[in-house]
Amino acid sequence: MHRPLRAHLALLLTALALVGCWGPSANGSQPTLIASTTIENKGSDTMVNLALAWAESYQVSHPDVRISVTGGGSGTGIAALINRTAVIANASRKIKPEEKSEAIANGVDPMELVVARDAIAIIVNTNNTVDHLTIDQLSEIYSGVINNWAEVGGRDGLIVRLSRETNSGTHVYFLEQVIRHGDSQDTTLFAPETLLLPSSEGISAEIRQNPNAIGYDGLGYVTPDLKVVAVARDASGPFELPSAATVESGSYPLSRDLYMYTAGEPAGQTAAYLQWILGPDAQAIVTSLGFVPLQP
Amino acid sequence: MSEFVITRLIKTAGYSAILFIGLIFIFLLREGSPALLEVPLPSLVSGRWYPIEGYFGLLPLIGGSLVVTAGAAMIAIPFGLGTAIYLAEIAPRWARELLKPLIELLGGLPSVMLGFLGMLVLTSVVRETLNLPTGLTALTGALLLGGIAIPTIVSVAEDALDAVPRSYREAGLALGATKWQTIWRVTLPAARSGVLTAVMLGLGRAIGETMAVMMVTGNAPVVPTGPGALLHPARTMTATIAAEMGEVANGSVHYHVLFLIGIVLFLISLAVNLAASSLVFRARKRAERILS
């Protein structure tokens, strides 16, 4: 007697729930669907805060445009552009030739746009006594030649090397420009003991608590409780700290362009958005987040 | 009539599990087997994993997973079984009614949250107490995974122990065995298959766990050498797939190798399950022989 009653009740409830789902969506969502365009924006974790700030600011002045921003790494963004799951790919490195040919094979012609500049800061724990390093020393540290802080003028202690995962544009930049000194024939690799952390926050968290750790990250991610190391091209100096001024003057050696890629020439709302990004309002946001704006 | 429909439905549900496993395996094979042709075998069993430059050595990843899982097993099995025995055999009624739901609640915690806690708290504890260069080690991952596996082990093993008939214990005690002897020689062997299932489920959760591990093991692809590897960073197979699957282009060599790692994981868990069920089967045979 009880069981059929309960079954009926369950059926009734399910039916009610289904009706409940249908009701509002049929009435409510149609008008908004027609009015808005959604721009899928995906890629570089370095740029994700910047892209979010741009998107939020742009959506205030353009309520008809929805921009959804996700991170995952530059490689992830470019892969999404190739697989057509993103309209704009953020990348903190240039697209690789293999990626480009893959994109073209898939019918996507990636168009490049430089949207801001960034400095790579070398960060250590605040208790670390080392305050300047050359590119050569950084290269030897990360390729496993130098293993102790005492070898670069610090206190005795094994160096714990931190890096982003291989899908990070910052990882690739660091490999090419620091470990390999920008020499494309060089095949030096990261030491296998290098810790590959999935996020910028992972790197910051480990450096905050570990006096032996060294890491690198975009300038926009450096917080006051981390110590930034001054870097020079060679031992004769000058050793410079990363900042908008030293990047613009070219005296800080580790700076790079940040890119947005679209499939083919951007059109419609996407083109308008990219145009806005190059303008003064968006470039002011670049400065406020600790990145380096494009020269006017 | 309705019974006919219900029987059919249940039968389909039962067979669908086999179908799904089969489909998953076929898919894995289709996506992963090209890697065996694209990457020469000596390269696959080498010790260097750096996919963006074409180094596809799987040894560090397989080793990393094994070290972390073995460490987790060493933590989770004694603690989990100990807790289960305490709850089922020793604890007073009120303690049991308080503890069991709490432990089950612990099992429901999202592992990402545990990973976050591990990253912020556990890593520095491990680094400072063991005086290591870094707290992002296989041991930290093992501790976290042990914690994740314990609720599963406790919950299932306690049910199994609870299902052992009272008469077994009474018989043991009546023969003059102490409480400990009864637990160790009578109750635990009687619940053997359930306890083994508990361990397998717990370890299954451990080897398949991704996010928490990725956040605390440091992910350095180093081939483990000896038990000291527990104190070094490690990169597990699951973390590798999770970290790299997003970036690879469909159909590239890297993509195929990631699926090959999936096949290896699949085969490992298949082997573990087969070993466990054959163990249970053999034990049951032996019990039948003794009783007959």
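Helix 5 of chain B makes a left-handed crossing with helix 7 of chain B. The model is a predicted one.

Me: How do the residues of the contact of helix 5 with helix 7 of chain B divide into nonpolar, polar and charged?
Reply: On the helix 5 side are Lys100(B), Ile103(B), Glu104(B), Leu106(B) and Gly107(B). They meet residues of helix 7 of chain B, namely Pro151(B), Thr152(B), Val154(B), Ser155(B) and Glu158(B). By class, the residues of this contact are four nonpolar, three polar and three charged.

Me: What percentage of the residues in chain B is buried?
Reply: Chain B has 13 helices and two strands, and its C-alpha atoms fill a box of roughly 70 × 60 × 35 Å along the principal axes. A residue counts as buried if 20 or more other C-beta atoms lie within 10 Å of its own. Of the 292 residues in chain B, the buried ones make up 39%.

Me: Is Glu89(B) buried, exposed or partly exposed?
Reply: Glu89(B) is found in helix 4 (residues 59–90) of chain B. Leaving aside neighbours within four places in sequence, Glu89(B) is in contact with Leu161(B), Ile183(B) and Thr187(B). Buried needs 20 or more other C-beta atoms within 10 Å, and exposed needs 12 or fewer. Glu89(B) has 18, so Glu89(B) is partly exposed.

Me: Which element gives the most to the side of domain 1 of chain A that touches domain 2 of chain A?
Reply: Chain A is assigned domain 1 (35–117 + 257–288) and domain 2 (118–256), and their contact takes 17 residues from domain 1 and 16 residues from domain 2. On the domain 1 side, helix 2 (48–61), helix 3, strand 4 (110–124) and strand 10 (255–263) of chain A each supply at least two residues. The element that gives the most, with three residues, is helix 3 of chain A.

Me: How many residues of chain B are in contact with chain A?
Reply: The side of chain A that touches chain B has 12 nonpolar, 12 polar and four charged residues. Elements of chain A that give two or more residues to this side are helix 3 (74–82), strand 7 (195–197) and helix 7 (200–209). The contact joins 28 residues of chain A to residues of chain B, and the number from chain B is 27.

Me: What is phi of His181(A), roughly, and where is His181(A) placed?
Reply: His181(A) lies in the loop between helix 6 (169–179) and strand 7 of chain A. With 14 C-beta neighbours inside 10 Å, His181(A) counts as partly exposed. Phi of His181(A) is positive although the residue is not glycine, with a value near 55 degrees.

Me: In which loop is Arg84(A)?
Reply: Arg84(A) is not a glycine, yet has a positive phi of about 60 degrees. Arg84(A) counts as partly exposed, with 13 C-beta neighbours inside 10 Å. The place of Arg84(A) is in the loop between helix 3 and strand 3 (88–91) of chain A.

Definitions and conventions
Residues are numbered from 1 along each chain as its sequence is written. Chains are lettered from A and ligands numbered from 1 in the order in which they are written. This is a predicted model: local features need pLDDT of at least 70, side-chain atom pairs count only at pLDDT 80 or more; totals for chains, interfaces and linings use all residues. Two residues are in contact if their C-beta atoms, placed from the backbone, lie within 7 Å. Helices (H or I, at least four residues) and strands (E, at least two) are DSSP runs, numbered from the N terminus. Ala, Val, Leu, Ile, Met, Phe, Trp, Tyr, Cys and Pro count as nonpolar, Asp, Glu, Lys and Arg as charged, and the others, Gly among them, as polar. A crossing is left-handed if the near helix is turned anticlockwise from the far one by less than a right angle, and right-handed if clockwise. Domain bounds come from an automatic or database domain assignment.
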